[in-house]
Amino acid sequence: MSEVVASGLVRNRVATSVFFGVQGFAFSLLTSKVSVIQKQLGLDDGTLAVLLAVVPVLAGVGSLLAGTAMRWTTSAVVLRVAEPTVIGVLIAVPHARNLWQAMPILMLFGLAVGAADATMNMQACGLERRYGRSIVLSFFGLWAAGAIVGSSWGALGSAAGWHLSVIYLAGAAVGIAATLYAGPILLRNLRDETVVKDADGKLPSVPWRPMLLLCLVMTLAYIGESSVTNAGSVYLTKGLKSSDTFGGLVVGAYTLGQVVGRLRGDLLVQRYGGVKVVRAGAVVCALGFVIVVAAAGPYMALAGFLIAGLGLSPLVPQAFTTAHANDPAGSGVAVARINVFNYLGFLLGAPLVTGLWGAGVSHREGMAVPMVMIALIIVLAFAFDPRRVPKAVGGQATPAVGGAETVPTLGS
């Protein structure tokens, strides 16, 4: 790797890191103010649940559209439009006065989130392929760090008595400025030009079959995450009788565990490989949920949520990078596909747990459901074995972190 190319990749990596941080910041800034927005719009709990379900559904659509767009454009182009839209749409949220005004805003937010998630992960996986070693977990660590900053900024603004419009306008201004600065430095072309085309001049297709188990793991992981982020505080306040203030610490503890795990996780993947790291992570996450379910009080449960976040931290990033290894041309299509199952898990997680609570199941028993879901990943960890990745057309091995060959093309 030449010095000039290496320098270019470092700049690409910094730019992609900015987008991950802004995405986490924007998403957290919105979700941390759901109760405020609910009062602003005068919504009951049922209507709010439907409204919130619109976002992940449309995010899945946005992800698929981003994958389709890779036929004629690049991930950098789509991301430079989608991410400023994600953070910019927040400016309009405080000015909606009823459901019908809020619906188109959240629909646009959902589509933009899906497109940004997909193309952002395409950039991360493309960079990892060019680096030839695991770096993708560090990007997700920055997403989690951005989420902590977003929720903290929202809490600080509320404590200072600022109107939601001021909190969102200031946050959006910083986020948009950051993406406009980093956008031109993104990796411009993810495609691997060394992959041989077929007789019709077409690149190898992305197979579904090797990805099915990865899609299942992605869904299970996000069922666990959604259960924590959307139902964890309810478990503390209603199940363990903690205060609302203490219940609000659940997401922070869980996210802190993710930050710690992801900022050091790449070194573990490089040393032990994806299969062992994913299996160990699932064991730790399941143990965290065991502590949550068995907790005698809120302090013990909070520690369990932190451990769950630590264990879950490598699962999703490794699912993305393993899926990308099934895309020999580096088109990004595989990343866009598996990203849809992120939103499927998000849709299933919290409603599954809260629905059981509503049916009369105890809070402890309901929170045991994501524990079982995560435990299944221990068995499915073999799906992350690079030997399951098919060969590219022309006999060249498809690159995968953890023992497979690296791509010789480093153009950015």
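## Overall make-up

A helix here is a DSSP run of H or I that is at least four residues long, and helices are numbered from the N terminus. On that basis Val86 has its place in helix α4, which covers residues 75-89. The structure is a predicted model, and its protein chain has 15 helices and zero strands.

Of the 412 residues in the protein chain, 55% are buried. Among contacts with a separation of 6 or more, 83% are accounted for by residues 24 or more positions apart.

## Confidence in the model

The mean pLDDT of the protein chain is 84, and 88% of its residues reach 70 or more. Among the elements of the chain, helix α11 (residues 274-294) has the highest mean pLDDT, at 95, whereas helix α9 (residues 244-247) has the lowest, at 70.

Two stretches call for care. Over residues 192-199 the pLDDT stays under 50, and for this stretch the model has 18 contacts beyond four places in sequence. The pLDDT is also below 50 over residues 392-400, a stretch that has 28 contacts in the model beyond near neighbours in sequence. Where pLDDT is low, the predicted coordinates should not be read in detail.

## The largest nonpolar core

The largest nonpolar core has 116 residues, and those with the most contacts inside it are Leu90, Tyr168, Tyr235, Leu236, Ile338 and Ile377. Helix α5 (residues 99-131) gives the most to this core, contributing 17 residues. Once residues up to four places away in sequence are set aside, Tyr168 touches Leu29, Leu30, Lys33, Ile37, Leu90, Ile91, Val93 and Pro94.

Ile37, one of the residues touched by Tyr168, belongs to helix α2 (residues 34-41), where Ile37, Gln38 and Leu41 are buried. Seen down the axis of α2, these buried residues fall within an arc of 105 degrees, so they line one face of the helix. After α2 comes Gly42, whose phi is positive, near 65 degrees.

Val86 of α4 counts as buried, at 1% relative accessibility. Leaving out residues up to four places away in sequence, Val86 touches Gln23, Ala26, Phe109, Ala112, Val113 and Ala116. The C-alpha atoms of Val86 and Leu108, which are 22 residues apart along the chain, are separated by 8.1 Å.

Leu51 has its place in helix α3 (residues 45-69) and, at 2% relative accessibility, also counts as buried. Beyond four places in sequence, Leu51 touches Leu41, Leu43, Leu99, Met103 and Leu106; of these, Leu41 is one of the buried residues of α2. The C-alpha atoms of Leu51 and Leu106 are separated by 8.2 Å, although the two residues are 55 residues apart along the chain.

The axes of α11 and helix α15 (residues 363-380) come within 8 Å and cross at roughly 170 degrees. Angles over 145 degrees count as roughly antiparallel, and α11 and α15 are therefore roughly antiparallel to each other. On the α11 side the contact is made by residues including Val278, Ala282, Val283, Ala286 and Phe289, and on the α15 side by residues including Met367, Met371, Ile374, Ile377 and Ile378.

Ile377, placed in α15, is buried, with a relative accessible area of 0%. Leaving aside neighbours within four places in sequence, Ile377 is in contact with Val217, Leu220, Ala221, Val278, Ala282 and Leu315.

The C-alpha atoms of Ile377 and Leu213, 164 residues apart along the chain, are separated by 9.7 Å. Leu213 has its place in helix α8 (residues 212-239) and is partly exposed, with a relative accessible area of 24%.

## A buried histidine

His324 is found in helix α13 (residues 315-325), where this residue is buried, with a relative accessible area of 2%. Not counting residues up to four places away in sequence, His324 touches Cys125, Gly126, Arg129, Gly330, Ala334 and Val335.

Methods
Residues numbered from 1 in each chain as written. Predicted model: local features only at pLDDT ≥ 70, side-chain atom pairs only at ≥ 80, totals over all residues. Heavy atoms only, no water. Core = buried A, V, L, I, M, F, W, Y, C linked by side-chain atoms within 4.5 Å. Buried < 20%, exposed > 50% of the residue type's maximum accessible area, 1.4 Å probe, protein only. Helix = DSSP H or I, 4+ residues; strand = E, 2+ residues; numbered from the N terminus. Contact = heavy atoms within 4.5 Å. Arc of directions from axis to C-beta. pLDDT = per-residue confidence, 0-100. Axes fitted to C-alpha atoms, helices over the stretch in contact; angles between N-to-C directions. Parallel < 35°, antiparallel > 145°, perpendicular 65-115°, else oblique.
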